[in-house]
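Me: I would like to learn how to read a model of this kind feature by feature, starting with the general idea each time and then turning to the case at hand. Could you take me through it in that way?

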2 protein chains.
Amino acid sequence: MEHLSWSRLEKTVARAAFDAALAREVAAIRAEAEAILERSADPDAVWRVHDFLTDRRRAIERKYDYRYSVLISVFGRLLHEGWIGEAELAGLAPEKLALIRRSAEVSR
Amino acid sequence: MEHLSWSRLEKTVARAAFDAALAREVAAIRAEAEAILERSADPDAVWRVHDFLTDRRRAIERKYDYRYSVLISVFGRLLHEGWIGEAELAGLAPEKLALIRRSAEVSR
């Protein structure tokens with residue numbers, strides 16, 4: 001994917017989709033942390049929250065890599081996992097969209 | 001403090017006081033984690049919770065050391081910080097209580 005060039009418009013579209021996916025996933029992580037606390041009044045549940053957040057934070061840092069050389073597969077995964085919809089990628093060249101869709105299928 | 005011997009009764013008293021202090025401190029940590037989330041609806045607040053818990057968990061692991069060789073200074077600190085009251089140490093030998101009080105003062 002390193003040979004692909006990204007136009008200014010494509011970069012804007014990509015950045016917005018990337019940021020929206022990240023915001024959604026962080027919101028979901030927050031909701032799950034709150035749910036862990038709601039499910040148990042045990043003070044020690046706070047350590048389960050800590051373990052959960054440690055794990056999710058590492059995963060987020062690995063997954064959300066905005067380098068253009070890896071962005072196709074990042075979007076493929078986000079599409080597969082449902083953190084972005086195809087409509088948010090409108091504006092990318094058809095070639096890139098096809099590669100992202102294929103990458104999403106490979107993620108299965 | 002390594003020369004002190006602990007009777008069976010003293011060990012029971014010490015263990016109960018130690019466990020009660022730990023339970024109180026963990027409950028306070030949980031309450032503060034919940035307060036961080038309540039103060040901010042921003043999803044990213046969950047990372048502040050994570051940083052806070054990482055810090056507090058390390059501190060708890062360092063502080064709550066039940067080895068008899070260090071227990072006097074552990075209780076001194078817990079007394080100084082208010083996680084135990086003197087009444088909870090009733091049953092310990094007067095020599096130990098005096099050492100714990102002195103340790104609490106040194107903690108200041």
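Reply: Let us start with the polar contact, which is a pair of N or O atoms within 3.5 Å, where within protein one atom must be able to donate a hydrogen and the other to accept it, and where residues adjacent in sequence count only if both atoms are side-chain atoms. Across the interface of chain A and chain B the rule finds 12 residue pairs in polar contact, with both residues at pLDDT 80 or more. This is a predicted model, in which local features need pLDDT of at least 70 and side-chain atom pairs count only at pLDDT 80 or more, whereas totals for chains, interfaces and linings use all residues. Residues are numbered from 1 along each chain as its sequence is written, chains are lettered from A and ligands numbered from 1 in the order in which they are written, and side-chain values use heavy atoms, with hydrogens and water left out.

Me: How many residues of each chain are in contact across the interface, and what area is buried there?

Reply: The size of an interface is often given as the accessible area lost when the parts come together. Here buried area is the accessible area (1.4 Å probe) that two parts lose on being put together, summed over both, and contact means heavy atoms within 4.5 Å. With those rules, 22 residues of chain A are in contact with 22 residues of chain B, and the area buried between the two chains is about 1,900 Å², of which carbon and sulfur atoms give 70%. Of the area that chain A buries against chain B, 40% is supplied by Arg30(A), Trp47(A) and Arg57(A), more than by any other three residues.

Me: Which salt bridge joins Arg57(A) to chain B?

Reply: Side chains of opposite charge can pair when their charged atoms come close. The rule for a salt bridge asks for a side-chain nitrogen of Lys or Arg within 4 Å of a carboxyl oxygen of Asp or Glu. It finds two salt bridges across the interface of chain A and chain B, and in one of the salt bridges of this model the side chain of Arg57(A) meets that of Asp51(B) at 2.8 Å, N to O.

Me: Which helices supply the side of chain A that touches chain B?

Reply: Helices (H or I, at least four residues) and strands (E, at least two) are DSSP runs, numbered from the N terminus. On the side of chain A that touches chain B, α1 (8–39) and α2 (45–63) of chain A each supply at least two residues, and the largest share, 10 residues, comes from α2(A).

Me: What covers the buried residues of α2(B)?

Reply: A residue is called buried under 20% relative accessible area, exposed over 50%, and partly exposed in between (1.4 Å probe, protein chains only). The buried residues of α2(B) include Trp47(B), Phe52(B), Leu53(B) and Ile60(B), and what covers the buried residues of this helix includes α1 and α2 of chain A together with α1 (8–39) and α3 (71–81) of chain B. In chain A, the buried residues of α2(A), among them Trp47(A), His50(A) and Arg57(A), pack against α1 and α3 (71–81) of chain A together with α1 and α2 of chain B.

Me: Is Arg30(B) buried or exposed, and which residues does it touch?

Reply: Arg30(B) has its place in helix α1 of chain B and, at 8% relative accessibility, counts as buried. Its side chain reaches the backbone oxygen of Leu37(A) at 2.8 Å, and a polar atom of the Arg30(B) side chain lies 2.6 Å from the backbone oxygen of Ser40(A). Not counting residues up to four places away in sequence, Arg30(B) also touches residues including Asp42(A), Pro43(A) and Val46(A).
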